[in-house]
Amino acid sequence: MTSHHSAKRIAWTSLILVIGIAPSLEAVAIFVRYQGPMSALAASLKSSEDSHVAIVMIDRADFVHSFNFTMPLRCKPLEELIAAVAEAGASRIGIDLDTSDDSYRDLAMIGTGNLFWAQTAQYSQTQHAFFVGRSALGGSGSPQSGLTVLVTDGDGVIRWYRRTYLKVADAEPAPSSRIMSIQRLPSFVAVLADSQKYHDIGSYQIDFRNWNRQPLFASYVRKAGLEFLRVRLGGKIVLIGSGYDGRDEHQTPLGWRNGVEILADAIDTELEMRAGSNYRAPSRACMISWSFLIACLTLFLFRFPTVWRRYLPIAVLLLGVALFLAGYIAYGSPANFVFFLPTVASVSVALFLEKFKECSGREHSPT
């Protein structure tokens, strides 16, 4: 009987630890619903910091009135917008727009060395390669360009970015050859953050935040005073993106966001990591290890009620310290302890259900 009881406890303990660790594995879709609220709470705790990136948005009103409701976007208003941003003292300007049409060839003549262009690509699951579309600036290309490809998890949520992408294939391989050329192209994030020298192909988790980053609309930028623009855009990386047709919207842990907003968060993450800031993305091994430790600590506190009943404040303090250490060491910020709260909740609920089952069994057992 004792052996059976011990085996049952071991089985329950194993199940509890698996449940406790699972929320840290983004691939487990059943726990995805926890991540949104946790990410939003953590982001709100960090949203008071200044961003290195500013956004100039071409919204629906700009598309209608400034660009005359035409696709592709007219070059003249776009050139005026870029000139206004450059005059405001932006350190770098990223154009997160599709400029592959022939009409954009003239934009290659814009004389600014801090101008960078987005490049799109599609990933082939069957050939395991990126097929790059027509290059920026009407196909004329630009050495200062990068792929606006972000990593999407199996549940359709964007959480990661890369500095470099391998297996990028030419969209139009030579007819005489069936071998596609393998290249190494930087991401748009790496280009704007000046991280091209880092050739690693690892994925980095985007530190999403509820930034106090209010985008400036294109029509306002073209009309605003220079002093105001210098205050808002001077010394910053400025992204010029679109928000007029809803095609560039993606699911993130914070909900649906525009593509240019996701790129801005990714660039901020890259800059913070390179500057040695505490804010960083944890490895999966680090997340799992801390989740395991917190699950074990929670299990210990609830498994030995005679201990924590007598020393409840100390027990709570120990668990709180562990959570804050997990947030700081894994994510670089104590505010990110909220990502480990589902682990505590999962273990607590599982233990409560076990205790409830034991009490129910005693009540129904013969005396």
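**Close-up views around strand β3**

**View 1. I93 and L115, face to face across two strands.** I93 stands opposite L115 in β3. Do the strands β2 and β3 run parallel or antiparallel? Strand β2 (residues 92-96) and β3 run parallel, joined by three bridges. Here, strands (E, at least two residues) and helices (H or I, at least four) are DSSP runs numbered from the N terminus, and two strands count as paired if DSSP finds at least two bridges between them. A word on the model: it is predicted, so to speak of local features takes pLDDT of at least 70 and side-chain atom pairs count only at pLDDT 80 or more, while totals for chains, interfaces and linings use all residues. Residues are numbered from 1 along each chain as its sequence is written, and side-chain values use heavy atoms, with hydrogens and water left out.

**View 2. W117 and its partner in β6.** The bridge partner of W117 in β6 is S145. Strand β6 (residues 145-147) pairs with β3 in the parallel sense, over three bridges.

**View 3. The two faces of β3.** How many residues of β3 (residues 115-119) are buried? Five of its five are, where buried means under 20% relative accessible area, with exposed over 50% and partly exposed in between (1.4 Å probe, protein chains only). L115, W117 and Q119 lie on one side, F116 and A118 on the other, and both faces are covered.

**View 4. Stepping back to the protein chain.** Twelve helices and 15 strands make up its list of elements. Of its 367 residues, 44% are buried.
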